[in-house]
Amino acid sequence: MANTTHDPNVYYVPHGSKWPLVGSVGLFLTVGGFANWMNGSTGLGQVMSLAGVAILLWMMWGWFGDVIRESVRGMYNRQVGVSFRMGMIWFIFSEVMFFAAFFGALFYARALSVPWLGGVGDGAATNAFLWSGFDAAWPTNGPAAIGGDFGLIPAWGLPLLNTLILLASGVTITIAHHALKAGQRTRLLVWLGATIVLGVIFLVFQAEEYVHAYRDLNLTLGSGIYGSTFFMLTGFHGLHVTLGTIMLIVIWFRCLKGHFSRDDHFGFEAVAWYWHFVDVVWLGLFLFVYVL
Amino acid sequence: MATDHTAHHDAHHHTPSFAQRWLFGTNHKDIGTLYLVFSLVMFLIGGAMALVIRAELFQPGLQLVNPEFFNQMTTVHALVMIFGAVMPAFVGLGNWMIPLMVGAPDMALPRMNNWSFWILPFAFLMLLSTLFMEGGGPAGGWTLYPPLSLQGGNSIAFVIFAIHLMGISSIMGAINIIATILNMRAPGMDLLKMPIFVWSWLITAFLLIAVMPVLAGAVTMLLTDKFFATSFFNAAGGGDPVLFQHIFWFFGHPEVYIMILPAFGIISEIIPTFARKPLFGYQAMVYAIASIAFLSFIVWAHHMFTVGMPLGGELFFMYATMLIAVPTGVKVFNWVSTMWKGSMTFETPMLFALGFVVMFTIGGFSGLMLAIVPADFQYHDTYFVVAHFHYVLVTGAIFAIMAGTYYWLPKWTGFMYNETLGKWHFWLSTIFVNLLFFPQHFLGLAGMPRRIPDYNIAFSDFNMISSVGAFGFGLSQLLFAYIVWSCARGGARATDRVWEGAKGLEWTVPSPAPHHTFTTPPRIDDRELAHGDVSH
């Protein structure tokens, strides 16, 4: 009864794999190492977390490699493809909710907690007895001015440029997708490559902005609620752009090797969806973190 | 021929080695078994912690453990039971039964399924190891409210990362379940013909994907506040400790429905079987679950009435919370109506299901009391709250898990469990669990606060009764473990149908279910569905 044939009418239930267990060990070592590191066991922590990251990279190489090999051999039928697509869509939804927590913190601070500290509404007594003299304004590092005076990064400089870069990268990846569907290989590689370049430029600018903030503006993670929300939101976004860029590089090589056909290229679609997701998150960031 | 392919014990019928089958496997039945066994182990560990708590509270004064350790027990007991016992048990039941119920050959993403499981043992290794660290485990309550949770030992970093791992596991598990239900149903298994258990899991999985990342965000902010100088929950920097409570409960309230909706599903499968009638109001049941899930997103602040919210907020969250009673009432009404004029028999699964209906409803009513803002000002953080959520979680979620286990155990193992012992288990559990939690209502109303190792001697009698109940209930669960273990080893042969009134695809395959089922999709016969022919 067991069926592991490549019959296109049968859902491919994959054979066993060591990668899930390897991945679990990798995750455990990575986060356990970080926790030790933070708690002062620096040496042990660094070794553990680096080993964990190495194992995770090995796992991803091996696991994705297995899946790509099976895909290229034609073991996946359309129904398997639908499962993959659903998996990616719901994964992106979970990422959206992760960012929602940090956006929620930003909105709560700006609309509620900072005005309350300044004496608005129910916060009158709080302001009078605990933080008298604090005038609520945004941006702020709070009534105790945690982290000291800091400067701001104007929205209409580098952030605007980065917005245009990401929007442009959304266009280039779409052109690449059309090229893939039309079977135009060179055009595909060029435009996908352009997307990668734009992603890298974005990251370089973002890194430059961070250096500027830390070195010249005294704007750090420790700059009260403004610094906290600014760096956590842009930081996690930057992390996702980094991941997205790596994914783009991977599928660029897969395009080079000809893994994708005109009508079946889930790997490409998944990366494109992810890229649009980081793009949309950036638009939210640009609006609520930089402009407003 | 397939009857020889027992899923549990003849580990070698496919010739995979032990490691290939249990460590590297992709079979939904094996992974479901792993989840269920893991959950039972965690249930016993978490239960042992509860017994430490109840032993200390047997008498007023400090007897057995120091207060710091007591606080660690209340905190870790909750985390273990929620994330280690109840949630994995439902995922295990879902893993086993959803593919069988919708006629799918396996879960949609079988390797990721295995990863979802294998993250859990590591996560709990990390969580439980904090108890042995310098400074001890987390002691600020499972809700991890700052600033208290950040003022304990440094083990908080391990706790936070353990929660991240649990979240990753839950999200992947939920994605798998949604993809399975939406993509893997046999032709003819329309959405509105699916068993209610499958519906309940579809909606639960959505809740999981929506809120587990929010919890991840909340605990990440805790981590950075503690170790990286951020000010999310620090008023001096413009943040607010109450912000954590909002984010946490935006996760936390859907979370409590994550722990009860699959229970609704299980009960909705069992009652029709033993009442020998189709489920009353199938579509209303589906819409009720969906309504409860929707409402779960807009009631979170009823956990925080006493924290100091604007009046408008208190009123909104009070009324929204009370609205939940409507769809929940629909469900209870439909369960009762299903039994009305049915040909009822009272095997162990049915007993647990009936216990669920009665005692979950008690927990529902005390929840309604807690929803009333002025009353909650009195009840907040007392044993009344403890009594409330243990009625919905122990006599609710856990009773449903046990009902489901007895119900499907013959299908899993191919053997009938010992019915006499099963009934003993039910009656012992039911008597002791009420002895355990019912007096806590009175304690709470009289003002006994939760999470305190000592109390006024005026509370002595009820605490003593409660502790006796706790040990009785705890020991009764060893009987449960024995019944499951012995059923796995042998007993009377189970028929394919197992229960006379059982309907649904899972009963059309042999007992025990062969290692691979529905490799080619089955034909769906509407008369074979548990809720009857719903096309009219």
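In which helix of chain B is the place of B:Ala48?

Analyst: This is a predicted model. The place of B:Ala48 is in helix α2 of chain B, a helix that covers residues 28-56. Around B:Ala48 there are 13 other C-beta atoms within 10 Å. A residue counts as buried with 20 or more such neighbours and as exposed with 12 or fewer, so B:Ala48, with its 13, is partly exposed.

B:Ala48 and B:Ala288 are 240 residues apart along the chain, and their C-alpha atoms are separated by 36 Å. For scale, the C-alpha trace of chain B spans about 70 × 50 × 45 Å along its principal axes.

Now the chain around it. Chain B contains 16 helices and zero strands. Its radius of gyration is 23 Å, which agrees with the value near 24 Å that a compact globule of 536 residues would have. Of these 536 residues, 61% are buried, whereas B:Ala48 is partly exposed. The contacts of chain B can also be sorted by separation in sequence: among those between residues at least 6 apart, 82% join residues at least 24 apart.

Helix α12 of chain B, residues 348-371, has 24 residues. From its first C-alpha to its last it reaches 34 Å, close to the 34 Å expected at 1.5 Å a residue. Because 18 of its 24 residues are buried, α12(B) is largely enclosed by the rest of the structure.

The other part is a pair of helices. Helix α6 of chain B (residues 196-227) packs against helix α8 of chain B (residues 261-275) at an angle of about 175°, and their axes are 7 Å apart. That angle makes α6(B) roughly antiparallel to α8(B). Among the residues of α6(B) that take part in the meeting are B:Ile196, B:Phe197 and B:Trp199, while those of α8(B) include B:Leu261, B:Pro262 and B:Phe264.

A:Ala194 lies in helix α6 of chain A, residues 185-217. A:Ala194 is partly exposed, with 17 other C-beta atoms within 10 Å. From A:Ala194 to A:Ser71 the C-alpha to C-alpha distance is 26 Å, and the two are 123 residues apart in sequence.

As for confidence, chain A has a mean pLDDT of 94, with 98% of its residues at 70 or more. Residues 1-5 of chain A stay under 50.

Technical notes
Residues are numbered from 1 along each chain as its sequence is written. Chains are lettered from A and ligands numbered from 1 in the order in which they are written. This is a predicted model: local features need pLDDT of at least 70, side-chain atom pairs count only at pLDDT 80 or more; totals for chains, interfaces and linings use all residues. Helices (H or I, at least four residues) and strands (E, at least two) are DSSP runs, numbered from the N terminus. The radius of gyration is taken over C-alpha atoms; the globule rule is 2.2 Å times the number of residues to the power 0.38. Two residues are in contact if their C-beta atoms, placed from the backbone, lie within 7 Å. pLDDT is the predictor's confidence in each residue, from 0 to 100. The expected span of a helix is 1.5 Å times one less than its number of residues. Axes are lines fitted to C-alpha atoms, for helices over the stretch in contact, and angles run from 0 to 180 degrees between N-to-C directions. Angles under 35 degrees count as roughly parallel, over 145 as roughly antiparallel, 65 to 115 as roughly perpendicular and the rest as oblique.
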